[in-house]
Amino acid sequence: MIESEKKLAAEAAARLAADGMRIGLGTGSTVAHLLPALAARGLDVRCVATSPATEAAARQLGIAVEPFEGIDRLELAIDGADQVARDGWLVKGGGGAHTREKIVAAAAERFVVIADSSKPVAEIEAPVPLELHSFGLAATLRELGAAELRDAPPSPDGGAIADYRGEVNEPERLAAWLASVPGVVEHGLFPPTLVSEVLIGHGSAVERIEV
Ligand code: 5RP
C-alpha cells in the first residue's frame, strides 16, 4: 500500500513537468517512482540531481542530468520527505542528502514534496538529520549535545551524517539554533517558506496541500 501511495504521488508530480523546464530531482524511495514517470513523459528538460544515486538512476532512464554549478534557477524541484507537518515544516535527510536537497529546493520556483500516508505528522519530532564538517567533528558533536553520528557513508561533499535527537518543540527555533552551531553544514528542517505544495498518496487518491 505504502509503495503504491508513493507511486501515485510521484506520478502526480511528474505531470507538473513541462518542456523546457529545469528540474531538481530529490533522493529516496519516493523519488525512485518519480524518475520512470518523468522519463516516460519524454519531455525536453534539463535536470539536476541531489545525490549520486539519483543521478545514476536518472541517467539510466535517459533523463539528462547536468552538474548544478552553472544553473542558477530551477522551475521545479520534486523530492520526498521523512515528516510533513500540516503547517508545511518538513524533516528531510533520511538518506543523508538534505544539504544538496535544501540547495535545490531553495533554487526552485516551485518545490513539490511527494509522500505516502505515513509521512504527515501532528508535530515535527526528532530525529533531525544533520550534516557536519569532519574538521572538528567531536567538538561539534559536543556542542550539539543530543546528536549521534549515523552509521552511514559521508555525504558526496565529505560531511559526516548525524541525527539530532533532542527536543524539537518549535521547529523554527531549533532550525535557527542548529544553523548557528559552527561545524553544522546543514540540518534537515525545511521551513514552509521553501515548500510550494505537498502531494500525499492516500490509498488510491492523492491529496494536494498548498503551503
Ligand atoms: C533523503 C531524503 C528523502 O527525501 C527522505 O528520506 C524520504 O525518503 P523516502 O522517499 O525513501 O521515504 O530526505 O535525504
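Q: What is the volume of the largest pocket, and what makes a space a pocket?
A: The largest pocket holds about 260 Å³. The search runs on a 1 Å grid over the protein atoms alone, and a pocket is an open set of points with protein on both sides within 12 Å along at least five of seven lines. The volume is the space filled by probe spheres set on the points, which are joined across faces, edges and corners. Bear in mind that this is a predicted model, where local features need pLDDT of at least 70, side-chain atom pairs count only at pLDDT 80 or more, and totals for chains, interfaces and linings use all residues. Residues are numbered from 1 along each chain as its sequence is written, and side-chain values use heavy atoms, with hydrogens and water left out.

Q: How do you know which residues line the largest pocket?
A: A lining residue has an atom within 4 Å of a point. For the largest pocket this gives 14 residues, with A49, P67, F68, E69 and R100 nearest its centre.

Q: Which helices supply at least two residues of that lining?
A: They are α3 (52-60) and α4 (98-107), where a helix is a DSSP run of H or I with at least four residues and a strand is a run of E with at least two, numbered from the N terminus. The largest share, four residues, comes from α4.

Q: What makes a lining residue nonpolar, polar or charged here?
A: Ala, Val, Leu, Ile, Met, Phe, Trp, Tyr, Cys and Pro count as nonpolar, Asp, Glu, Lys and Arg as charged, and the others, Gly among them, as polar. By that rule the lining of the largest pocket has six nonpolar, two polar and six charged residues.

Q: Why is a space called a cavity, and how many reach 30 Å³ or more?
A: A cavity is a set of points where a 1.4 Å probe fits but cannot get out. By this rule there are two cavities of 30 Å³ or more. The largest cavity has about 50 Å³ of space, and its lining includes V84, A85, P120 and I200. Strands β4 (83-85) and β13 (197-202) each give two or more residues to that lining, which has seven nonpolar, one polar and one charged residues.

Q: How do you know where the second largest cavity lies relative to domain 1 and domain 2?
A: Domain 1 (2-120 + 190-210) and domain 2 (128-186) both give residues to its lining, so the second largest cavity lies between them. The domain bounds come from an automatic or database domain assignment. Among the lining residues are T50, R100, E131 and D157, and the volume of this cavity is about 30 Å³.
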